[in-house]
2 protein chains.
Amino acid sequence: MADDIFKQFKEHSVAEFFKKNRQMLGFSGKVRSMTIIVHEFMTNSLDACEEAGILPEVFVQVEELGEDHYRLTVKDNGPGIPKTHLGKALGQMLAGTKFHRYIQQRGQQGIGAAACTMFSYLTTGQPAKAISCHKGKKLTANISIDFKANKPVVQEIEEVPTEESGLTVISEYKDVRYERSNYGVYEYIRRTALANPHCSITLVEPNNEKTAFPRSVEANPPRPFEIKPHPLGIGTHDLLEFAKHNKESKRISSFLQETFARMSAGKVDELRALLPTMDLNKNPQNMTWEEAEAMVKAFGQLRWVSPAMDSLVPIGKGQVEISFRNIFNPDVLVVTERTPKVYRGGIPFMIEVGIAYGGGIAAAGKKGEVMRFANRVPLLFDSGGCAITETIKTMDWKRYDLREFEDEPVAVLVNLVSVHVPYTSAGKQAISNEEDMMDEIKFALMEASRGIQKYLSGKRRANEIATKRKVVNRYVQQLAGDLSTLSGEKKAEIEKKLLDIIEKKYGEEDEENEGGDEKKGEGPNANENSGSVKKPAEKEEEGDADE
Amino acid sequence: MADDIFKQFKEHSVAEFFKKNRQMLGFSGKVRSMTIIVHEFMTNSLDACEEAGILPEVFVQVEELGEDHYRLTVKDNGPGIPKTHLGKALGQMLAGTKFHRYIQQRGQQGIGAAACTMFSYLTTGQPAKAISCHKGKKLTANISIDFKANKPVVQEIEEVPTEESGLTVISEYKDVRYERSNYGVYEYIRRTALANPHCSITLVEPNNEKTAFPRSVEANPPRPFEIKPHPLGIGTHDLLEFAKHNKESKRISSFLQETFARMSAGKVDELRALLPTMDLNKNPQNMTWEEAEAMVKAFGQLRWVSPAMDSLVPIGKGQVEISFRNIFNPDVLVVTERTPKVYRGGIPFMIEVGIAYGGGIAAAGKKGEVMRFANRVPLLFDSGGCAITETIKTMDWKRYDLREFEDEPVAVLVNLVSVHVPYTSAGKQAISNEEDMMDEIKFALMEASRGIQKYLSGKRRANEIATKRKVVNRYVQQLAGDLSTLSGEKKAEIEKKLLDIIEKKYGEEDEENEGGDEKKGEGPNANENSGSVKKPAEKEEEGDADE
């Protein structure tokens, strides 16, 4: 009997796994599936353009072919994909240029595009049609996926010369639905445009309505640098892997400097002092687990310069302000500008937070609005399990003169920037509850909230002053008459002087009060932003637990 | 430049993917990681024992070796694993006996055990030690995992004769922590024992405290049958895959009956009538996409007997009641017994819900407690993104005379039973927001809530009656005196008679009132439970969207 069961023992490919568990890729609802597909193709297009230094221009068209049946075209002006890689890029999971690089990108897993090809094939039996214009050649091919092997199936159609460059993917889907809801493609693209002002995006909806989201900035944001891994983000196994695959260095000492960021000769000396029995002249290939473990422990005992700031490129204070004013036209708006931090010991990340209050938000009847982004990609789904939403929930908003978050005309934007975003699942819609990250989100929220609070308390104070002035003004007439009788001076002159005094007094207070809503609060850990990080104390990361 | 980037094009194994994204497996916090590891080994042990018809006996020991450094031993009395499969079972992801079978099991992905081997190796560099007693042989081997290839690395230590059977896995971990919190191993095992009264579990904690969770039922629950797929759960691609891999049947008509549940010759005739142009005598190997698509559409137009009930085995009303009384000793307790439903068209599932109110829950100061299970496995984490929690949130508890859920001394148990649980990620701690499933969870909650409501309104009525009786009693003395004066009868006798009347009247009302808290509410769709299902109307599944 027990052997019978082992006759059923089988090995499965990652494509079969995601075919059966498509909800893990985000395919779990018709409108959501439609949005996820557009999301996967658009993030690839934007990444490709920026990587190649091209100002992105993306064309998205959704055509309705029948009930819950659509054709999607996504065309970009990127560098295209060479023939040798086209199939793998679109028809093989866990293959690509992104997975292993330490660089801030939208995509990071090498699953998304192949997942769409899979979903297309599963629901319509049709391959995806790819037109890749790359280095003077225009290749047209049909691409599908062999689930059992997780390998692409490529059928070349033609290859002709071209002067253009870019990738177009045309694919069909059933079991999806186009809708202009808060979770639909339109909203996804609107938010993408918001966070990516250098992109020009055109959307043609099934009803043939064409919407242009023109760029408002005529240059790509600074290109985030690919960085070497930081010593504090490295585990024993990582270090051994690096040592094993190292080819350039014959000595551990030079290997360390080759491989890791912030590893100077001086740092190697410090390590040597901490590890007196270890021979740093030996070949890294021969490093043992014990040695690597001791080395990682020593990494943690040293002070390191924090990861390079230019590895992370946020949306930016100015742009978040413009975007917020465009959408909401709020009464007050505070955007944080914080320095990068690290999580899991040494993976750099950065949080930017914008909080807007009143004005257009109140007028539109919106309350407690949250807009989540990761590396400028809007996150529309799975807010329930996301570190951003969870952190907003744990905030004590009353400390900032706000009532319950959900009852206030307030909109919060949070953008997480990192070389590796710890998503909760392959569907990339929620961020895992990493403790360091949640702490930093909280600090950023607190910083921005203090700005809002100043505005609110300023507003309250202005109200109080206005009331006082009204009261005082009431007595001016009477007082001026009485003084005129007593002094014999003209009542009108006395009245004017009194009014001047009042005006001067309350006018000053008004001015004093004005700075309040513009001055940015200092971060609760502003003094930590010294460019030097210590390994954080070992703390329990139970933020992810529930009940 | 664009070509440079494609020089960096690489393919990755699923093991590398999960190494980098270990949070997707649930490894995202020290206490949580410890619990997840125990969870993976225990679910495998319980599945193996039950599959082999053995009453499960599981021994779990956690030993502390250093700071955040532990050794875990999990030993079961199952059938063991044959030598040929031991490495793959413990050291290769997506390999195993579970992934492709239509049967209710705890594990279903073939990732968990290998994920633990991975986590052990990543944090300590040590292989897992497996001792498999299988068919008279006791094999001891060290097992680790080659990440690049997702292949097991097996080092055999010895093979000797034995009369025992079972599997023991001893593995070491760092970056984990043992804690007796709500998210720790102890609570996980306690809840497992609750939902699996036929299991005997022993836990030895790091402080050497030994806790036995003895079995309270001396037989395994009925073995859920492995079922054939139901026609309503099949997509076009599935049908073609089945047709292509079919070897027994030379005709589509017989292939259909071989392959699918509830597919009688009569049903094939009905399909033939719906598909007059299709040749059901042709070889299934030659079925086209268009034919398969038409066939799947025809499946949806017929009425089908619902999936076999014996494919699903719930914890059971009796057992849930016993467990609830043991933990909470509540004032009132209602457990639903509902028939299986289907989701995604045809995957059978079943929801059981228990709601307990007052008594020990109030005494312990607990409020709005939720215990989630899937196939009897406790889900301790990620409640934020789980269909069960989300559904509980959307319930209008006030309709059932409860205030806010979080403010009431109420405990809710939900167990989802299915041949395929749609988890949100490979970490298997939250259930995806499948619309059919959320509807059914809601109906079950409503049904149980009505029982609670009857109790609460009964209790309120009893209070009212007690008040009335008190008021009436006050007048008895006076009235008896007055009547005695009027009638000349003895006051004591009149008083006794009046008291009898009152006693009789309010005593009866009390009895009438008693049935209320025991009578089970009928499901809102009780009339649907006819054993016959129609394909649900196409509805938008936007339950998973947010904001």
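1. Sheet of chain B. In this predicted model, chain B holds an open sheet of 8 strands. The strand order is β7-β6-β5-β8-β3-β2-β9-β10, and the pairing is mixed. At the edges sit β7 (151–161) and β10 (210–213) of chain B, each of which pairs on one side only. Neighbouring strands are turned by 15° against each other on average, with direction ignored.

2. Helix on the sheet. Helix α6 (residues 185–195) of chain B packs on this sheet. The helix touches β2 (57–66), β9 (200–204) and β10 of chain B. The direction of α6 makes about 170° with that of β9(B).

3. Strands β5 and β8 of chain B. Strand β5 (residues 128–134) and strand β8 (residues 166–174) of chain B run antiparallel, joined by 5 bridges. C133(B) has G166(B) in β8(B) as its bridge partner.

4. First hairpin in chain B. β5(B) is also joined to strand β6 (residues 137–146) of chain B, by 7 bridges, and these strands run antiparallel. Opposite K129(B) stands N142(B) in β6(B). The hairpin of β5(B) and β6(B) has 2 residues between the strands. K135(B) takes a positive phi near 50° in this hairpin.

5. β6(B) goes on to pair with β7(B) over 10 bridges, in the antiparallel sense.

6. A buried threonine in chain A. T168(A) lies in strand β8 (residues 166–174) of chain A. T168(A) has 20 C-beta neighbours inside 10 Å, so this residue counts as buried. Leaving aside neighbours within four places in sequence, T168(A) is in contact with T73(A), K75(A) and I131(A). K129(A) is 39 residues away from T168(A) in sequence, yet their C-alpha atoms are 8.1 Å apart in space.

7. Domains of chain A. The domain assignment gives domain 1 (14–206), domain 2 (231–305) and domain 3 (309–445). The C-alpha centres of domain 1 and domain 2 of chain A lie 40 Å apart.

8. How the copies are related.

9. Make-up of the interface. Contacts involve 65 residues of chain A and 65 residues of chain B. On the chain A side, elements that each supply at least two residues include α1 (2–7), α3 (30–51), α5 (112–124) and α7 (236–245). By class, this side has 26 nonpolar, 22 polar and 17 charged residues.

10. β4(A) is joined by 2 bridges to strand β1 (residues 10–11) of chain B, and the two run antiparallel. G96(A) stands opposite K10(B) in β1(B).

11. Helix α7 of chain A. Which residues of α7(A) are buried? They are T236(A), H237(A), L239(A), L240(A), F242(A) and A243(A). Their cover includes α8 (252–259) and α10 (289–301) of chain A. It also includes α5 (112–124) of chain B.

Notes
Residues are numbered from 1 along each chain as its sequence is written. Chains are lettered from A and ligands numbered from 1 in the order in which they are written. This is a predicted model: local features need pLDDT of at least 70, side-chain atom pairs count only at pLDDT 80 or more; totals for chains, interfaces and linings use all residues. Domain bounds come from an automatic or database domain assignment. Two residues are in contact if their C-beta atoms, placed from the backbone, lie within 7 Å. Helices (H or I, at least four residues) and strands (E, at least two) are DSSP runs, numbered from the N terminus. Ala, Val, Leu, Ile, Met, Phe, Trp, Tyr, Cys and Pro count as nonpolar, Asp, Glu, Lys and Arg as charged, and the others, Gly among them, as polar. Two strands pair if DSSP finds at least two bridges between them. A residue is buried if 20 or more other C-beta atoms lie within 10 Å of its own, exposed if 12 or fewer, and partly exposed in between; C-beta atoms are placed from the backbone. Axes are lines fitted to C-alpha atoms, for helices over the stretch in contact, and angles run from 0 to 180 degrees between N-to-C directions.
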